[in-house]
Amino acid sequence: MATLELRGITKRFPGVLANDSVDLKVSSGEILGLLGENGAGKTTLMNILYGLYSADEGEILIDDVPQSFAGPGDAIAAGIGMVHQHFMLVPVFTVTENVVLGVEPVGPGGVINIKEAKREVREISQRYGLEVDPDAIIEDIPVGIQQRVEIIKVLFRNAEFLIFDEPTAVLTPQEIEEFFGILNGLREAGKAIIFITHKLKEVIEVSDDIAVLRRGAMVGGADPATTTEADLANLMVGRPVELVVAKEDSEPGAQVLTVSDLVVLDDRDQVAVNSISFDVKAGEIVGVAGVQGNGQTELVEALTGLRGVAAGTVTIGGKDVTHATPRQIHESSVAHVPEDRQRSGLVMSFSITENMVLDGYYHEPYSSGIKMDWDSARSKAEELVEQYDVRTPGTEVAANTLSGGNQQKVIVAREFGRDVQLVVASQPTRGIDVGSIEYIHERIVEERDQGAALLIVSTELDEVMALSDRILVMFDGKVVAEYRGGAVTAEEIGLAMAGAAT
Amino acid sequence: MTAAATTPDAVIVRTPAEIKRSRYLGITYLFLAVVVLWFFARWSVDLGNFTFKLARPTDPSAPDLTLSAGRVTLIVGVILAAMGGVQLARGFGKMNNLVLAIGLFLFIFAFLGWATAQSSIGAFSMVGMMKTTIVRSVPITLGALAGVMSERVAVINIAIEGQLLGGAFVAVVVASPLTGGEDPTLILGSPIGGWIGVGAAVFAGMLLAWVLAVLSIRYVVDQIIVGVVITIFVTGMTSFLALRWLADNPELNKGPIFKSIGIPLLSDIPFLGPVLFDHNIFVFGSFILVAFLTFLLFRTRWGLRARAVGEHPKAADTLGVNVYRTRYLNVIIGGAVAGFGGAFFTLGSVGRFDENMTNGRGFIGLAAMIFGRWHPVGAMAAGLVFGFADAMSQTLGILQTGIPSEFLGMVPFIATILVVAGLVGKARPPAADGQPYIKQ
Ligand SMILES: Nc1ncnc2c1ncn2[C@@H]1O[C@H](COP(=O)(O)OP(=O)(O)O)[C@@H](O)[C@H]1O
Ligand SMILES: [Mg+2]
């Protein structure tokens, strides 16, 4: 029986102590659940184990023998395999090419024996029930299947120690169940597994042992048989956590956003939003659930003017904005919290002040004529920082020095900090800490209570269920189901997300 | 559950991009039809016949092609107009590119026929023009291959021009003193000294590529800047040496010229034989390199890893592929190819070095790489298109059509731009192209 052990691992990034003397141990035939909220240092710890980062202090032992990994190649050779949080697949390669990359079966002259490679991929896929088409191109297959490819990749390298970094984040509830089946199969096959998540339910359901990481340090363990979600939440966050969003019933008013027969194409000119119609009323939160890549991104981009509309119409507050520019839409009192805060929400190298006036810099009071009025911009920024509880040393530091949660608060402050009739928010809390999530959820509900219409797109089912007065489920570019908030179970929505409902 | 109203699927037969492109192509065909009918057909009514010679006196015999200019231009004009109409009305679907190629061929055929009939000579050597096309394409193709090797691992290589020029210079300077004197034994068309010159050129290309690699991979200097600087450096350096040193030592600037080798049997085929199979080693070398590099990139372990490094270096890294080493090696292989291409300018062609003799071929090679979609075969196809444009303007100069040859020389380039704008569409470079990889 093999064991893998980490002792006293410490890793510092500039200004951050990402891992603080962490100990960890896992053996064959065991699933260790590693729990910790976003930014706790889970990925960093696993990257050290996998040879991607080198630890500042501490050691890695396999069967009590200290190891030194100069790179992932060494870790792989030692029997460690990792399914990364952000998949490490080459989008334009086939499944087989991705699986064999780095350990290709070759004939004379280094020619890849692609037949042999495919045969081995098929064999693993059958043995572990991981169905894939060896010839499919990665960018054409859904994320759920991409994840299977990642697992096959690890198994192909005969890994004994398997690390899964937040594998469930991209899956529907049904796919998660299926995935747990695979995990159990791997455990029975004698693999040692580290399963990383920030979801309490999952870790209790599948683990043999639980370890909790908070702010880089190991704060304790728990026995899945006896612990409760509340205990774990307490351990993970360091204080009791409110697991539900407090809100009154909604009182929908007039239609604010009306979408009819909207068709939007993706970057490759494929239909991404397939003729959908819905509306959002004042004082109402409409949540859009769905597995990533089912047209939500394109929908939001079309609504905010960032992507052309192929057919159909969009009206906001009675005005036709189907072909309006982003600025025209912005000026019709629409707030947009984009999906990727670092790429489209903020200019990372700009100061908080500059980021706060990105949308209004061109008019009074922030500028007159061609001249910026930085004093009024700064005082506005200071006011918003105060009002939205952005934790920062000042308004003149660059956005990239803030934590993810505080970056997101800057965006929310900018977008909500004026009168809006419609809010379009995409993944408003992705990858941020629990405190910030709670805060942003409160603000969203507050906007609703002040009479705004809100469209919240999220792949986190829990978030959609907690916030929404009405839930739309998108699958394959269409709205396949609609529910009243609070009157539906995760399982029902999950089925719709997988395309089972019609 | 409140069942969502089931909406019908959006029926997108043709995407906006396709429709736009179809419209563009349709208008282009109509425009070409107007050119053919209005200028060529009308003027050629009393021009009589034109003759394309398919063999030269020394070649295996092939009949001449003699046609009536009036008829040919009229027919081509009508076909082009019909193509434009169909393209605008409903497009050709999957056949779009094939139709485009045919249309372009017809247009150029009609244009050449008209120009020939116009001229007092009334005939020209088609076989000669095709041969020139191939010869002129060689440095462009080789430059493009150098670019492909480097950009496939995500290092932008703007230094191709400098690598070609450096190769050209070094080849002749090394080969000249080693040859000369009594008549030597030829190995594949050159005395051994010529081969040593080629080897030195390849080495010079690798050295310049190594500089590019170190600065852009290790020191993460902007790749465009490094490339430009290398090119400027080599241009200045070779010009200086040519003026100050070679001018005083002409014996150093008198290299052997690689002789043509006819491939047995194949070179006896009428027309195709002389066009394809009777060349010097640089031409055959570029054919072989295209095949070899295609094989390397798409069939071997090496190629799979190289492409992975260009598309998603982090993924490659997590699988134990050494990103830095892969990049170094590929960039340097690219440099070797460019150095070989450089030697063509001197040893493969005129035998001497002249200031800035590459004259922008490296940059055209870069364009050929993009038109060729970062694929060796595509690079060669694009290289041939540029070579053809070159050969054609040369032919038009000889024909003396009465219209300024500078103006006529533009026609192929205009045609090329039209095609490229319509044909290439959205080419997708390697995803990580130009981005340095920084490990934690
Ligand atoms: N490459 C890096 N450079 C600087 N800081 C980093 C880097 N990677 C992670 N961090 C920081 O280290 C902390 C832990 O991050 P991470 O390990 O990704 O957390 P988790 O996976 O638990 O969400 C965070 O504060 C994050 O901002
Ligand atoms: Mg993580």
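Six residue pairs, both at pLDDT 80 or more, are in polar contact across the interface of chain A and chain B; a polar contact here is a pair of N or O atoms within 3.5 Å, where within protein one must be able to donate a hydrogen and the other to accept it, and residues adjacent in sequence count only if both atoms are side-chain atoms. This is a predicted model, in which local features need pLDDT of at least 70, side-chain atom pairs count only at pLDDT 80 or more, and totals for chains, interfaces and linings use all residues. Residues are numbered from 1 along each chain as its sequence is written, chains are lettered from A in the order in which they are written, and side-chain values use heavy atoms, with hydrogens and water left out.

**Where chain A meets chain B**

- The contact (heavy atoms within 4.5 Å) takes in 42 residues of chain A and 32 residues of chain B.
- About 3300 Å² gets buried between the two chains, with 64% of it on carbon and sulfur atoms; buried area is the accessible area (1.4 Å probe) that two parts lose on being put together, summed over both.
- The rule turns up three salt bridges here, a salt bridge being a side-chain nitrogen of Lys or Arg within 4 Å of a carboxyl oxygen of Asp or Glu.
- One to look up is R307(B) with E97(A), where the closest N and O atoms are 3.9 Å apart.
- Elements of chain A that each put at least two residues on this side are α2 (72-77), α3 (95-100), β11 (255-265), β12 (271-281) and β22 (478-484); helices (H or I, at least four residues) and strands (E, at least two) are DSSP runs, numbered from the N terminus.
- β22(A) gives the most, six residues.
- By class, the chain A side has 25 nonpolar, eight polar and nine charged residues.

**A sheet in chain A**

- Four strands make an open sheet in the order β12-β11-β14-β15, with antiparallel pairing; two strands pair if DSSP finds at least two bridges between them.
- β12 and β15 (319-320) of chain A are the edge strands, each pairing on one side only.
- β11(A) and β12(A) share eight bridges in the antiparallel sense, and Q255(A) has K281(A) in β12(A) as its bridge partner.

**The two domains of chain A**

- The domain assignment gives domain 1 (3-237) and domain 2 (255-333 + 419-497), and their C-alpha centres lie 32 Å apart.
- Between them these domains bury about 1100 Å², 53% of it on carbon and sulfur atoms.
- On the domain 1 side, N38(A), P173(A) and Q174(A) lose the most area to domain 2, together 35% of what that side buries.
- One salt bridge crosses this interface, and K199(A) and E460(A) meet in a salt bridge at 4.0 Å, N to O.

**The two domains of chain B**

- Here the domain assignment gives domain 1 (16-118) and domain 2 (128-420).
- In this pair, 19 residues of domain 1 are in contact with 18 residues of domain 2.
- The buried area is about 1600 Å², and carbon and sulfur atoms give 80% of it.
- P60(B), F111(B) and L112(B) supply 28% of the area that domain 1 buries against domain 2, more than any other three residues.
- α3(B) supplies the largest share of the domain 1 side, ten residues.
- That side divides into 13 nonpolar, four polar and two charged residues.

Definitions and conventions
Domain bounds come from an automatic or database domain assignment. Ala, Val, Leu, Ile, Met, Phe, Trp, Tyr, Cys and Pro count as nonpolar, Asp, Glu, Lys and Arg as charged, and the others, Gly among them, as polar.
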